[in-house]
Amino acid sequence: MRSSIILVLTIILFCKPCFCQTKAKITDVDFHLEDWYIVVNYNIAGSLPKEQMTIELRFITENNESIIPKTVTGDAGTKVFGDGTKVILWDIVADQVLLSGNLKASVAITSSKILYGGPSNAFLSVIIPGLGGYFVDEK
């Protein structure tokens, strides 16, 4: 019983949390039309080193309806890292969306996690075989 408690406490002490509530903030959201793309610029401030964020883009119409772009490239979706200026390109022709009236761009961080790696993952496998491999992000 005692060894089980020590094992659980060791795991709690040495396992760093992989998911966190981020302190990163998105500011200065702006967009413009360039050829057949809508280019959205925004800034991220306050993110942690190795913090991987999931970024969601949506547009709000005058009638408060949400338009969620499907064909986006750039700093949107999963695997967005770091502070600084980010750019998202939305291919409005590929999405076949008819836009009219005033739009407001909304960029939000929907989730984030800290990526730990290297020796810390190997140490987890010492405690519980195979646990370190669970946290390795394969590309």
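How many aromatic pairs does a search of the whole structure find? The search finds two. Keep in mind that you are looking at a predicted model. With that said, let's walk through the chain, starting from the overall picture and returning to those rings along the way.

## The chain as a whole

The protein chain has 139 residues, of which 24% count as buried. Its secondary structure comes to four helices and eight strands. Read from the N terminus, the order of elements is α-β-β-β-β-β-β-β-α-β-α-α. If you take the contacts with a separation of 6 or more, 62% of them are between residues 24 or more positions apart.

## How the strands pair

Strand β1 covers residues 25-34 and strand β2 covers residues 37-45; the two run antiparallel and are joined by eight bridges. Within this pairing, L33 has I38 of β2 as its bridge partner. Two residues sit between the strands of the hairpin, and D35 takes a positive phi near 55° there.

Strand β2 also pairs with β7, again in the antiparallel sense and over eight bridges. In that pairing Y37 stands opposite D91 of β7. Strand β7 spans residues 84-91, and β5, made of residues 72-74, pairs with β7 in the antiparallel sense over three bridges. Here V72 has W90 of β7 as its bridge partner. Strand β7 therefore pairs with both β2 and β5, given that two strands count as paired if at least two bridges are found between them.

## Back to the aromatic rings

Now for the two aromatic pairs found in the whole structure. The table gives their geometry.

| Pair | Distance of ring centres | Angle of planes | Kind |
|---|---|---|---|
| F31 and F59 | 5.3 Å | 85° | edge-to-face |
| F59 and W90 | 5.1 Å | 25° | stacked |

Why is the pair of F31 and F59 called edge-to-face? Its planes stand at 85°, and planes over 60 degrees apart count as edge-to-face. The planes of F59 and W90 are at 25°, so that pair is stacked, the cut-off for stacking being under 30 degrees.

Where do these rings sit along the chain? F31 lies in strand β1 and F59 in strand β3, residues 51-61, so their pair ties together parts that are 28 residues apart in sequence. Taken together, ring pairs link F31, F59 and W90 into a cluster.

F31, by contrast, is partly exposed, at a relative accessible area of 28%.

## Charged residues

How many salt bridges does the structure hold? There is one, formed by R58 and E56, with the closest N and O atoms 3.1 Å apart. R58 counts as partly exposed at 22% relative accessibility, and E56 also counts as partly exposed, at 29%.

E51 is another acidic residue to look at, found in strand β3. Is E51 buried or exposed? At 1% relative accessibility, E51 counts as buried. The C-alpha atoms of E51 and V80 are 8.3 Å apart in space, while the two residues are 29 apart in sequence.

D83 lies in the loop between β6 (77-81) and β7. At 44% relative accessibility, D83 counts as partly exposed. Its C-alpha atom is separated by 5.1 Å from that of A45, 38 residues away along the chain. Beyond its neighbours within four places in sequence, D83 is in contact with I44, A45, G46 and S47.

## A nonpolar patch on the surface

Finally, which residues form a nonpolar patch on the surface? They are W36, Y37, V87, L89 and V93, with about 460 Å² of accessible area together. One of them, V87, lies in strand β7 and is partly exposed, with a relative accessible area of 33%.

Technical notes: Residues numbered from 1 in each chain as written. Predicted model: local features only at pLDDT ≥ 70, side-chain atom pairs only at ≥ 80, totals over all residues. Heavy atoms only, no water. Patch = residues over 30% accessible without salt bridge, like charges linked within 9 Å, V, L, I, M, F, W, Y side chains within 5 Å. Areas by Shrake-Rupley, 256 points an atom, 1.4 Å probe, with all protein chains shown as cover. Salt bridge = Lys/Arg side-chain N within 4 Å of Asp/Glu carboxyl O. Buried < 20%, exposed > 50% of the residue type's maximum accessible area, 1.4 Å probe, protein only. Contact = heavy atoms within 4.5 Å. Phe/Tyr/Trp six-rings, centres within 6.5 Å; stacked < 30°, edge-to-face > 60°.
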